[in-house]
Every structure is written in structure tokens, then in C-alpha cells.
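Please look over the sequence and the model displayed below before reading on. The report that follows takes up confidence, salt bridges, a sheet, a helix and some backbone details in turn.

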Amino acid sequence: MAVFRFLASLKLAVVVILSLTASLAAGTLIESYYDIATGKYWVYRAFWFHFVLFTLGVNIVCSAFSRWPWKKRHLPFLLAHLGIIMVLVGSWVTQKWGLDGMLKVSEGAQSSIVELDQYQLQLEHAGQRANIDFKWLPPHVKFSPIKYPEYGFEIDQYLARADAVIAFEDSQDPQAALAMGLKIQGGPMQLDQQVWLWQGDPSWSQITLGPLKMVLLPQGMKLGSAKNDKGQALIEIEPTSKNQIRIRLVSVRGETKTLTTKVGSSLETGWMELKLTVDQFFQHAQNATQFTLSKNLYGDTAPPPAIHVKALSTTAPSNGMWMGLGDRVELAYGKQVLSMAFTQKRVMLPFGLELKEFHLDHYEGTMNPSSFRSDVKIVDQGEHEVKTISMNEPLAHRGITLYQASYVPEDPKPKTSIFSVNQDPGRTAKYTGSLILILGVLLLFGRRYLEKKKMEKTTVKNVALGLLLLLSTVSSTECFAELPKQASKWDWSVASEIPMQSGGRIKPLDSFARETVLYVTGSKSYSGWRQIEMMFSWMSDPESWANEPLIKIQNEDVKRQLMLDQTRNRYSANELIKNQNLIQYAEGLSKRERGVNLGVTNAVKPNAREQELKKILDRIGMFRTIVSGEALTLIPNRKPGKPWNSLATPDKESTVMRAIFAEMISSYQKGDLDYFTKLAITGKSTIEKEILNWGDSSPKLLSIEALYYRTNPFFYAMVLYLVAGLLWLVSTNKFATIGAWVGTLTAFALHAYGFTLRCIIAGRPPVSNMYESVIWVSFGVLLFAFILYFIQKQKLIPGVASVVAGLMLLAADASPAILDPNIHPLVPVLRSNYWLTIHVLTITLGYAGFALSLGIANVTLFNYFREKALRASGVNFTARVDHLNLMTYRAMQFGVAFLAAGTILGGVWADYSWGRFWGWDPKEVWALIALLTYIAILHGRFAGWVGSFGFAIWTTVSFLSVIMAWYGVNFVLGVGLHSYGFSTGGGVGVIGFVITQLSWVGIVTAVRKTATQKFA
């Protein structure tokens, strides 16, 4: 019985939840530092992690039965915990018997082979076949030899990430064939690369290095037999003898010449200054490729493993041989021959999939994919209909679901589609459990939610100082952003609405100007200039602006590398263009990019310094393309979906607009407003007449976008929120209270107005990046505050909410280079507005609930900071803190409910888009960590481990898990399937907030400890 009580205890629940939270955090950190495979090995698929989950399940079951006989009041508790058990069981069933792999099919072909993220050995011996699973081990994990006596061999060496060292040697084997080693040297990248061509295998008889194709002709074939694609150079080799080798060179332009060389002699190819040397030649050779541990050990670009196999026979000792992934070898021992292949584990579907055609759509005028889909036919009895599989639109057949995952990039058009194949026997249990869990949480929190308690009035000073402390924790992020000042009194309204194509959509010229100024200068405005006017000024006087310090550089490492004046943060385009260190970096970057085209580079994840250097070059390039007119794509293309021409395009269609824009620039230089406006009207009308499908509503959409930027609703909402917050703090009389309500409600209306405009402009909810999530979370803070105020009738709630929302909008407005405020098209996986809306809005509303609880908890901490004075003044301190904690708890309930629902809905969306309910992606894992952190607080509170003071402390500290889930995964870790949300910057501000908040907690804890000792 004692064991049962222990297993059912709340204290065990808290320990298990905290253990699970720490394990998940460790898993994501390992994944970000190494890769997902390493994270799964050490954490997600480790025995100890499964033991933690098993212990959680045992605790839940025992806790439920400890309440037997169950009564009506137990229903919410039982439902919530039954839901968790069903999700755990469903996940275990999926892992045990589910199928999750990839299927690759090319147009006109069919396949039923699904590759899993596991490895196996395929054996064939004396007519018998067998498959042996091989478990991958991370690099630097000690490998113990594995013996298979029933098959007569062992794996005695293993490399987790292996680079092939290609070599051939003389052999008398019947399979031996002519082999040739060649060196490619020179060129703009100063290459020095060894390549091998071998006639023993068709896949080894030719090699492609970007636009260069090399072919070793089979015996009996003469020069001129090989073919090259258009725009591809060809080197065709015909070995006549070891001392004479004929080579045919075909340039990209089709020029042909035939040369003769011999082993050891160098040959000038005449293509990209490349030199070719035949340095090794074997008439009868066998592949003797070796493997070494790769320097590229982790990440998506890391190579696959390799194993060394050796026969166990003592009568016929063997040195063994290396096998890379995909290799097949024959191992001889005595009179026995064992054929084996080292491959990814494969599963055969009970049907075939034929790809009829692959479709790839792009956003207007760009090469950015907007969507991709495959027309397929199920090859099965009675199935003949062609169906379509697209992102977020899977196809189910025989209990197996096929998802459009990706494609193989090919020129001119991709023809190979990659599908995610999923069979999830635990899906029903997970979905049902999720619904029961959410229902239980809502009933659990809502059972006594409407119970009202009056809170005694706190003094204005107490609340004011508490909220001002919260202000100080956020103010370290950035200073106030200045409002743009008009450099002239011109009316830019007509020019602002001139349509142009940019970033995959048609937008007003004003929007493009704002995006450009932000990108080039790193700020929303520069010295008070209006953005569109600044752009015209660049074009009218490029030399002066090239000497103006426009380009912001804040990375100190970059300044030192470029030997710049470190006391400055801005530099001119001209001084950067002349910087020799930057020139060297640009040349190196150009070589690497050419190397990518040649297919000879080793991809490395760029660090912050490299990213900043590349951004500097891009900003200089953007400034130059504006000045030249190349970036101003104002001439519509009459072909649907094709990019518009720019003012720099030298064709007849561009002549009219080039002339109009040249006159506009001239009239701007002369200060002739009337003529400038007439030209803008003419230009706008000229462009609109040429745009395909330009309906009556299209100009209105551009006007709405121009109105959105002109009115700047979120900025004014921010100002009103902060003013209203201060009024709430001094609302000791009726007029101050009325003013506070007016300010709060007006700010909330402006907030909603800004959301509405962004939704109309983008055609979707504003939840695609960090900036949009910040303005939505701040909106949610007020939404929850209004609900709580309606129930609790406490002025503190809208006061705290106004300050928190205002500070969030301030951070978003003051950091445009980090939190991009521009409106961009969605990546393909997000083009499901239904799931995007439901999942993202729900999970970020959870963040809003926790942000509100953070604000109230800081007020509670300030009361503890002044505990001695409050008690001395006769205040019922215990009652005050209890009421504050009650409001914190209510706000936290919103956060837990919405974050739990959002996390589950994220699993539903992932299941619908990627084919798995849960994939240990860092973004989803950290959302779960944040949820578990707050659940641990609630359980600890009920268990008696967290008192009134501890509840305020842990509520404040736990918000750090929200910051990590919200900001850290995208801006710090930068790994996972949520790559469309990754960015950089803002670390100093976030660290400042964290340090200030933790320091405040430490100060209050120290003061509280002293006060408690005195009271005792």
C-alpha cells in the first residue's frame, strides 16, 4: 500500500514531469548542436527516456485509482489523465508497429520501395536470403565488433560518418576492368581534385561536375559516341593504350577539338582554365575504395556510415573489406561465398505508385515555390484513376497515407517527386486521447472558475512600482523607434500606390520602398526621410548617397575583420566597396558559389559573422540595383506567372515606363510637384493597363496596403497602451479611470484594425513570422484581461495587460531589422490557412496567457519586496498575496489550456502535412517543455511544495521556457522542420530581459528571506 501511495503521489508526478522536461530540453540542445539522429540516440529512443514516460503513465494510472470509488467531481481529473494515457499508448503503438519512410518516384516510372531512416544488411547465401538490421551509432561512440556466426562474418570496424577514399588496384579478378585516375586542376577556384573513371560499372564510367561531364568510353566505342546536354561541357576519353589516350573536348558553346595525351602529361582543356592530367592507369583493375572518418560529422550534409566486414573462418583468414551505404560485395571464406549489401532499410508497399506528372508553382516573378503537387496513379487491382497529392492534401490507400514531402531539383523542371509514406496504427488512440485531454483540462479549470473573490485595493504606489519594474526588464531590448519625418511637404499618395511586382506578389511602390530602406539601412527610417522619397533621392543623386553612412554594421567581429572604425555603427557604400578585406571575402564567397555549381563544395552552416558579411554585400548590391533601376520591376509581363521587367531591361516594352520614371526623377530634382504628380498618375495607369487579371478590387487592395503603412496602427496602439497603463496606475478617481478605459479600448480597437488590414492585404491570418506572432500575442493579453476583469472586477488586470501589450508592441516596433514587419508570401507547407489559423493562433494565445500571468506575478513580487512596510501599515498582506496569486493562476489557466490545445493541434497539422503526429522537432518539443513547466508548478502547488511566494517566483521564472519556445528555437537553435521561421538577432535584448528578470527574482528572494527571519 505504501508503494501504491508513492506511485500515486503528486510529488512523484512533479519529479517525473521535471525529469521529462529536462530530458526534452537536453534532446533539443543535442539536436541543435549535433543533429536529429544524435538527439534520438541519446534521448528520444534511449531506454531511460522510455522509462521516464513509463513512470509517468504508472503515476497517472495509480493516481486515478487512488480516488476510487470515483464520483462526479472526479470526472475532469479522470478525463484529463485518461487522455494522457491514450496519447502515450497511441505513441507506443505507432513506434512499435507504424511505418514512416520516404518514397521517391520519377515521371513515367513507378515504385513501391519505401526507405526508412534505419540501416540493414541484405544477405544472400546458397540461395537463401536474409536481412539484418544495423543500428546507427553517433560518432565517437565506442563500437564493439558484432559477430554473425550463423552467416560466417563479423563487422569489426564502423564509421558513423564516412568519406570514401576512392582507389583502384591491379586485379586478376574476372570482373576487373580498365580504370583511369584523373586530376582536375586550375580554374577560377584553383581546383585540385582527383576523380576516377572505371569501365567495370556503368555508374563509374562517367562523372558530372556541375556543367562539366566526363565520360570514359567502353572498349570498342569511338570518340563522338557520348552526348552532352545543352549548355554542358563534355570531356570524352578513349583509351587506346596505356601510353596513348585520345580525348575529345566539347565546350559549352559546342566547339569541338580532339587531342592525344599520355599518363602523367597535363592537358589544357580550354574550358574555365581547367587543366586535366591522367595520373593513374590500370588495364585490369578492381575497386579498392577505403573509408575514413569524415570531418563533417553532423547535420543534414553529413555523409552516411560505412562498415568493415570480415569472414570469421579460421581456415581462410581474410583482411575483409569496407562497405559504404549502397555497396554490394562478395565475401569468400573457404568454398563459401556470401553476397551482402549495406543499404537503408526498405519496406515494400502492397501497391505501386506511378508518377504521371510533377507540378511546381512559383510566386509571381520569383523562383520561390508557392506549392508543388504530383499527379499519380495507384498501381493496384481495380485502381486506374489519376489522383493528385499536394502539400497538405495527402492520399490514403489501404490504410497507408502518402504525403507530398519534397522533390529533387532539376533543370529546367523537376521530374522526381519525394513522398512521405506513413502508416500509423496508433493515430486513433492519439487523436481520441487528445480530444479527451483537452476536454478534461477545460472541465478541470472551469469547474470553479466562476467563483469570485474580492481583492482589497492595493495602493497606487505598490502596483505602479511593480509594473515599472516589468517595464525595466523589457526596455533593455531596444530604444524607441522614431517616427519618420517628411523631408519635404510633397504629396506622395499617388506615387505610393504605383503597382510593382516584388517578393512574389504585386505591391505598392511605397511598400517596396519601405522594405528596401529597412534592408539597406537596418532601420525603418533614416534621418527622418520618408522611405519612398528617400528611394527617389537615391536615384536622383546616387554619388552623394554612396558616401552617406547608410549601412549598419553592429557585429564587432565583422568590424575587426574589415578593420573598420569600431566606434561607429554605420558606414557608406563607397568605403565598404573599397575595403580590401571585404573584397577578399566577396571573392571567396563567389568561388564557393561557383563551387556549388560544380558540385565540389562541402556545405558548412554559416556563423553569425559570415551571415553579417554576406548581408553587407547584399545591402550594397540592393543600393546599386535601386540606383540602376534593376530592382524596380515595374513593367508587367503578359505571360502568366512570369517575372516583370525592370527599368533596366533594354526592350521596347520598358521604353515608356523608363521615360516616365526618368522624367519623375528629373521633376523631383527640380522640385516640380505638379508635374511629378501628373507623371505618377500616368505611370500608374500605364502599368495597371498591362497587368493580367487586374480587376476592380486590385487597386483597392493596393490602397489598403498604402493606408496600413500610412496610418501605422500598431505604433499608435503601443503608445495608447502605455499611456493607459499609467492611467490605470493612478486611477484613484473617476476621471482617471474613464481615461484609462478610453485609452485601453481605443488601443485595442487600433490593434484589431491593424490585424484586419494585414489579413486583407496578405489574404491570410498574420501569423507567419515572429513580428506577427508578437502583435497577436499582445492582442491575446488584452483579450484574456477583459475576460478576467469581467469575472474578477479588478482594475489591476487591464492595467497590467495594457503595460505588457504596450511593451510587446514596443519591442516589435523598435526592432524592425530583427522582427521583420514586412508582408511576405507563405512557404508551401503554410499554405493551409485552416490549419495555420487554428494551430498557430491557438498556441500563441497560450503564450499570451503566460505573459499576462508574468505581469501579475511581477506585481506580486513587488508586494513581497515591500512586505515589511505593508504589514506595518496594517494591510492584510496574506489576503492581498492570495488574491494576486488567484489572478495569476487564472491567467495561467488560459495559457495551459491554449498551449495544450495548440501543441496537440500542431501534431494534427504535422500529421496532415508531414505524415507524423510527433517527430521530436525542436519547436514542438519546446512548446511541450513550456507546457510541462507550468503543469509542474500547478502540481507542485497542489502537492504543497509551492507556496504563495514560490508560486509567484516560479511563475516568473517559468516564462523563460516560453521565451525559448517562442524566440529561442527560431533565433538561437535554428534547426528543425520549422526552418521557414528561422532568423537571427535580438539576442542582446532577450538576454538583457532574462538577466534583469532573474536578478529581480534574486533580490526579492533575499529581501523576503530577511523579512521572514525578522517576523519569526
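A residue is called buried when its relative accessible area is under 20%, exposed when it is over 50%, and partly exposed in between, with a 1.4 Å probe and protein chains only. By that rule Arg248 is buried, because its relative accessible area is 18%.

This is a predicted model, in which local features need a pLDDT of at least 70 and side-chain atom pairs count only at pLDDT 80 or more, while totals for chains, interfaces and linings use all residues. Residues are numbered from 1 along each chain as its sequence is written, and side-chain values use heavy atoms, with hydrogens and water left out.

## Confidence

The predictor's confidence in each residue is given as pLDDT, which runs from 0 to 100. The protein chain averages a pLDDT of 84, and 89% of the residues score at least 70. Helices (H or I, at least four residues) and strands (E, at least two) are DSSP runs, numbered from the N terminus. The pLDDT is below 50 over residues 450-487, a stretch that has 89 contacts in the model beyond near neighbours in sequence, where contact means heavy atoms within 4.5 Å. Over residues 594-605 the pLDDT is likewise below 50, and this stretch has 25 contacts beyond near neighbours in sequence.

## Salt bridges

Side chains of opposite charge can pair when their charged atoms come close. A salt bridge is counted here when a side-chain nitrogen of Lys or Arg is within 4 Å of a carboxyl oxygen of Asp or Glu, and the structure holds 31 of these salt bridges. The table lists some of them.

| Pair | N to O distance |
|---|---|
| Glu236 and Arg248 | 2.8 Å |
| Glu688 and Lys684 | 2.9 Å |
| Arg758 and Glu772 | 2.7 Å |

Glu236 counts as buried because its relative accessibility is 0%.

An α-helix has 3.6 residues a turn, so residues three or four places apart point the same way. Both Glu688 and Lys684 are buried.

Arg758 forms its salt bridge with Glu772. Since Arg758 lies in helix 20 (residues 734-762) and Glu772 in helix 21 (residues 770-792), the pair ties together parts that are 14 residues apart in sequence. Arg758 is buried at 1% relative accessibility, and Glu772 is buried with a relative accessible area of 1%. Elsewhere, Lys40, Arg45 and Asp117 are linked in a network of salt bridges.

## A sheet and a helix

Strands of a sheet pair through backbone hydrogen bonds, either parallel or antiparallel. Two strands are taken to pair if DSSP finds at least two bridges between them. Five strands form an open sheet in the order 10-11-12-13-14, with mixed pairing. Strand 10 (206-209) and strand 14 (256-261) are the edge strands, each of which pairs on one side only. Strand 11 (residues 212-216) and strand 12 pair in the parallel sense over five bridges, and Lys213 stands opposite Leu234 in strand 12.

Helix 20 has 29 residues and reaches 42 Å from its first C-alpha to its last, close to the 42 Å expected at 1.5 Å a residue; the expected span is 1.5 Å times one less than the number of residues. Gly763, whose phi is positive and near 70 degrees, follows helix 20.

A cis peptide bond, with omega about 0 degrees, joins Trp68 and Pro69. Pro69 is found in the loop between helix 4 (47-65) and helix 5 (75-97).

Where is His140 placed? His140 is in the loop between strand 3 (128-134) and strand 4 (146-148), and its phi is near 70 degrees, a positive value in a residue other than glycine. With a relative accessible area of 67%, His140 is exposed.

Arg514 lies in helix 9 (residues 509-521) and is buried, with a relative accessible area of 16%. Leaving aside its neighbours within four places in sequence, Arg514 is in contact with Gln531, Tyr709 and Arg710.
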